[in-house]
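Please look through the model below alongside these notes. They are set out as numbered points, each meant to be checked against the coordinates.

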Amino acid sequence: MLHHCLRSAAKKAPPIEFVGYCSAVSVGANTLTLAINSLTGGVDTAARADDLVLVIGSSRTVGTAAYNSSMVTSGYTEMLDTSADYKYEQTGVYWKRMGATPDASAVFDSYNGTYATAVATVWRGVNAVTPMDVALSSATGRTTTTPDPPSITPVTSGAVIVALCASGSYDYHNGAFSAPSGMTLRGAAYSFSASSGMSKTGVASVLWTGGAYDPAAFTGSNTTSVTTDWVAATIALRPA
């Protein structure tokens, strides 16, 4: 009997999916609770086992001293914790893969913020061993509230580029972020007082198609002042 040997083609990883997002804001409180079991805007309403939760938290700090923000909820990996050029905005970026029993919430501590915002985005189909395709890139700026995320060059087909940003002002307020041109807004949060400033955060994404990708600046109402500054980061999620 003649046996035919068949060589099966390598299986292609399923695409990364945007599960959804949630946000939280505060005026005066240091901690913000993100309800990752109540998501909107994506393919599901809650984080499930093996989903990756990505958090950006930020606050308009008291004075011009730098503070350390953190995640109260255990198990998060910190990728960024920095202040903007004039230290009016302290920003942290964190991620965590959900276990068999996913968390219901993610709690961010701004440490010493007067106005704080946070956005959690949830992603499905991210590589369990190496979730970040390449190292995070970050940038800061001053005198404007239009963050410009830096360029990134992923290495894996199917990677999803995620741009995250925050902006703050000591004495100005404007409006929530809109996505950079060519990207999809995945979540935004905005906390302000008409008399004493603001904090805002935003997240956007795009499927990588090759080469270096340099996101455009986040848009929305802009304020130009010496008391405004911003932080931006760009990451690439690797498919499973």
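**Notes on the predicted model**

1. In β13, T228, W230, A232, T234 and A236 point one way, while D229, V231, A233, I235 and L237 point the other way, and all of them are buried, buried being under 20% relative accessible area, exposed over 50% and partly exposed in between, with a 1.4 Å probe and protein chains only. In a regular strand the side chains alternate between the two faces of the sheet. Ten of the ten residues of β13 are buried, so this strand is largely enclosed by the rest of the structure.

2. On provenance, this is a predicted model, in which local features need pLDDT of at least 70 and side-chain atom pairs count only at pLDDT 80 or more, whereas totals for chains, interfaces and linings use all residues. Residues are numbered from 1 along each chain as its sequence is written, and side-chain values use heavy atoms, with hydrogens and water left out. The protein chain averages a pLDDT of 87, and 84% of the residues score at least 70; pLDDT is the predictor's confidence in each residue, from 0 to 100.

3. The secondary structure of the protein chain comes to zero helices and 13 strands; helices (H or I, at least four residues) and strands (E, at least two) are DSSP runs, numbered from the N terminus. Of the contacts in the protein chain with a separation of 6 or more, 78% are accounted for by residues 24 or more positions apart. Buried residues make up 51% of the 240 residues, and the chain exposes about 10,200 Å², of which carbon and sulfur atoms supply 52%, the areas coming from the Shrake-Rupley method with a 1.4 Å probe.

4. Which strands surround β13 in its sheet? The order of this open sheet of five strands is β9-β13-β10-β12-β11, with antiparallel pairing, where two strands pair if DSSP finds at least two bridges between them. Six bridges join β9 to β13, with A232 in β13 as the bridge partner of A139, and ten bridges join β10 to β13, with A166 opposite V231.

5. Nine bridges join β11 to the antiparallel strand β12 (residues 197-207), and T184 stands opposite S205 in β12.

6. A further open sheet is formed by three strands in the order β2-β7-β4, again with antiparallel pairing. In this sheet β2 and β4 (70-71) stand at the edges with a single partner strand each, so one side of each is left without a neighbour. The pairing of β2 with β7 (residues 106-109) extends over four bridges, and T33 stands opposite V107 in β7.

7. The largest nonpolar core has 21 residues, and those with the most contacts inside it are L52, L54, W123, V162, L164, I235 and L237; such a core is a set of buried Ala, Val, Leu, Ile, Met, Phe, Trp, Tyr and Cys residues joined through side-chain atoms within 4.5 Å. Two or more residues each come from β3 (52-61), β6 (89-97), β8 (113-124), β10 (160-169) and β13 (228-237), and the largest share, four residues, comes from β13. Leaving aside residues up to four places away in sequence, I235 touches L54, M79, M132, L136, I152, V160, I161, V162 and L164. A second, separate core of 20 residues includes L32, V53, V55 and A120.

8. D50, in the loop between β2 (31-34) and β3, has a phi near 75°, a positive value in a residue other than glycine; most residues other than glycine have a negative phi. T145 lies in the loop between β9 and β10 and is buried, with a relative accessible area of 1%. T145 and T219 are 74 residues apart in sequence and 8.7 Å apart in space, C-alpha to C-alpha.

Definitions and conventions:
Contact = heavy atoms within 4.5 Å.
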